[in-house]
Amino acid sequence: MAWTQVYTPIADSVGLSALCAAIPLFILFYMLAFKQAKGHVAALAGLAGALLVAVILWGMPVGLAVSSTLNGAAFGLFPIVWIIITAVWIYNMTVESGEFEIIKYSLASVTNDRRLQALFIAFAFSCFIEGTAGFGTPAAIAAAMLMGLGFKPLWAGGIALIANTAPVAFGAIGVPIIVAAQVSGLDVLHVSSIAGRQLSLLALIVPLWVCVVMCGFKRSLEVLPAILVSGVSFAAAQLLLSNLHGPTLCDVASAIASIASLMALLKVWKPRNVFVFEGEEVAEVEASKYTGGQILKAWAAYLILAVFVFLWGLGSWKSMLNAIPGAMFNIPWPGLHGEVLKTMPIAPDGTVYGAMFSFNWLSAGGTAIFLSGLVAIPFMGNYSFGKGFACFFRTLRQLKLPILTVSTILGLAYVMNYSGMSSTLGIAFTHTGSFFPFFAPILGWLGVFLTGSDTSSCALFCGMQKDTALAVGMSPELAVASNASGGVTAKMVSPQSLAVATAATNSAGMEGQLFRFCVFHSIGMTLFLSVLSYLQAGPLSFMLP
């Protein structure tokens with residue numbers, strides 16, 4: 001017989017139940033922020049807490065708790081870990097083949113200023129990858145490239161995570177916004193328009209925010225033209241496309257606009273003072289060290305990757321790949337599928353909470369990256385397929401702890417989802433009454449912190465966001481868009497993202513330090529969006545379509 005979720009198991013109190021539901025999050029926060037524990041240690045502690053709370057307080061049968069953990073771990077391995085492995089593999093091959101030295105030269109020949117390198121790689125190029133692939137790929141690639149340029153691991157990972165915020169809601173060809181609209185039954189263009197009117201404002205300040213983190217406000221003003229050009233070009237393209245076209249091409253076009261604008265600016269302007277980190281020397285670029293052909297060949301791996309992930313992000317291409325016999329398997333998860341029922345106020349009484357594991361091995365984002373790596377090998381000097389496959393297995397060994405961390409975190413998230421604990425937290429936010437517009441982005445933040453995915457956060461909470469908005473007299477489109485927008489600021493502190501960044505910079509075990517590096521920036525950006533959402537529900541309602 002199926003088990004029915006309960007949402008207020010503690011004295012029939014939403015507040016007390018929400019506090020108990022947050023115990024696994026408190027454990028994670030404590031382990032990462034105060035103990036600075038390694039990612040897999042913090043994740044295992046959080047998972048243990050989630051299992052105990054789910055079974056003892058929520059009354060979840062032990063078999064369901066274990067099965068949901070394994071289902072989440074499987075989702076962590078595929079498609080998330082598959083993306084991490086392949087992205088780091090391509091970076092490792094470019095290093096082993098010597099091509100990354102040429103990439104470093106080509107970037108340094110444009111600028112050897114660390115601030116501008118961060119704007120190019122962590123903001124603009126990362127946004128392009130977010131728009132095409134999403135799901136952890138941008139942080140993995142950007143962090144690896146920054147470290148290859150000479151950034152220390154903590155700075156490479158931290159800057160990559162902070163910079164990759166504004167594009168997340170429109171990532172993977174607009175999937176989070178599309179899911180948000182589908183779950184809530186709202187018009188996708190309407191939701192996209194509001195999210196664009198929120199996130200384009202965030203995009204204006206992210207380049208400045210990144211530079212201030214690196215060197216302070218005063219020295220950031222030295223590159224103000226680059227900050228304005230990168231932010232304004234990105235924000236303008238994102239605003240226009242999100243309102244006139246929809247969510248699918250926002251990030252791709254915005255990133256291209258930002259990269260092209262920065263390149264054009266640097267043809268006519270250079271910062272008077274070059275910034276490098278303390279203890280570094282300004283790198284002098286040897287004139288004409290490499291030919292244009294050599295530089296293009298060195299970048300081939302990433303150019304090919306961009307083409308592949310763009311194709312794999314197209315719905316029509318993905319559907320075609322999934323239609324190939326044997327390319328996709330939908331597996332009802334044993335001991336979980338059909339065994340959990342949702343109830344009011346989350347869903348109509350008796351709603352089955354399905355548990356299908358989709359193994360779409362051909363259309364997965366990681367497969368696109370893997371195939372792009374194979375295609376790129378002939379372009380790498382003095383390299384071969386044999387060396388490439390040997391590098392792949394070395395990469396697997398390199399990532400063993402991040403693989404454990406990501407799988408454990410997704411197991412924790414699934415336990416909280418299937419037990420009803422996540423829904424309890426969501427219900428608590430809906431009791432904020434007239435202040436709900438302020439808390440709508442925070443609910444999105446919570447969903448991404450739990451799952452590591454803005455898409456998952458939207459699937460989890462957007463139905464509830466719509467119902468609550470209607471109850472308190474708020475625009476349901478604003479509430480749903482705010483969920484997607486608020487989620488973007490949690491990516492930088494989600495344990496899954498921390499594991500991706502430390503894996504990409506070969507610094508597994510530093511997740512606690514990276515969390516401390518990013519957490520106050522995450523809080524600051526979330527408060528910005530919360531205040532904006534609150535004002536858009538009142539005095540700034542003219543901003544809404």
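Here are some notes on the model, point by point.

1. Ground rules. This is a predicted model, in which local features need pLDDT of at least 70 and side-chain atom pairs count only at pLDDT 80 or more, while totals for chains, interfaces and linings use all residues. Residues are numbered from 1 along each chain as its sequence is written, and side-chain values use heavy atoms, with hydrogens and water left out.

2. Confidence. pLDDT is the predictor's own confidence in each residue, on a scale from 0 to 100. The protein chain has a mean pLDDT of 87, and 96% of its residues reach 70 or more. Helices (H or I, at least four residues) and strands (E, at least two) are DSSP runs, numbered from the N terminus.

3. Arg394 and Glu96 meet through their side chains in a salt bridge, at 2.8 Å from N to O. The term covers a side-chain nitrogen of Lys or Arg within 4 Å of a carboxyl oxygen of Asp or Glu, and the count by this rule is 5. Arg394 belongs to helix α18 (residues 385-398) and Glu96 to helix α4 (residues 62-97), so the pair ties together parts that are 298 residues apart in sequence. Both ends are partly exposed: Arg394 has a relative accessible area of 37%, and Glu96 comes in at 40%. For these labels, buried means under 20% relative accessible area, exposed over 50%, and partly exposed in between (1.4 Å probe, protein chains only).

4. The model has 27 aromatic pairs, where rings of Phe, Tyr and Trp (its six-membered ring) pair if their centres lie within 6.5 Å; planes under 30 degrees apart are stacked, over 60 edge-to-face, and the rest tilted. One of them is Trp89 with Phe392, edge-to-face at 5.6 Å centre to centre with 85 degrees between the planes. Trp89 is in helix α4 and Phe392 in helix α18, so this pair also links distant parts of the chain, 303 residues apart. Trp89 is buried at 0% relative accessible area, and Phe392 is buried too, at 11%. Ring pairs gather Trp82, Trp89, Phe370, Phe392 and Phe393 into a cluster.

5. Arg115 and Asp113 form a salt bridge at 2.6 Å, N to O, and both residues are buried. Arg115 also bridges to Glu222, with the closest N and O atoms 3.0 Å apart. Glu222 lies in the loop between α11 (217-220) and α12, and Arg115 in helix α6 (residues 114-132), so the pair ties together parts 107 residues apart in sequence. On accessibility, Arg115 is at 0% and counts as buried, whereas Glu222 is partly exposed at 27%. Through shared partners, salt bridges join Asp113, Arg115, Arg219 and Glu222 into one network.

6. A nonpolar patch. Leu201, Leu204, Val212, Phe217, Leu221, Leu224, Leu228 and Val232 make a nonpolar surface patch of about 620 Å². Patches take residues with over 30% relative accessible area and no salt bridge, joining like charges within 9 Å and nonpolar side chains (Val, Leu, Ile, Met, Phe, Trp, Tyr) within 5 Å. The areas come from the Shrake-Rupley method with a 1.4 Å probe, and for residues only the protein chains shown count as cover. Helices α10 (188-215) and α12 (224-244) each supply at least two of the patch residues. Leu204, for one, is in helix α10 and is partly exposed at 38%.

7. The sheet. Three strands make an open sheet in the order β1-β3-β4, with mixed pairing. β1 and β4 (351-352) are at the edges with a single partner strand each, so one side of each has no neighbour in the sheet. Strands pair if DSSP finds at least two bridges between them; β3 (residues 340-342) and β4 run antiparallel and are joined by 2 bridges. Leu341 has Val352 in β4 as its bridge partner.

8. Leu296, in helix α14 (residues 292-298), is exposed at 56%. Its C-alpha atom is 9.4 Å from that of Ser106, 190 residues away along the chain. Tyr534, in helix α25 (residues 511-536), is partly exposed at 36%.
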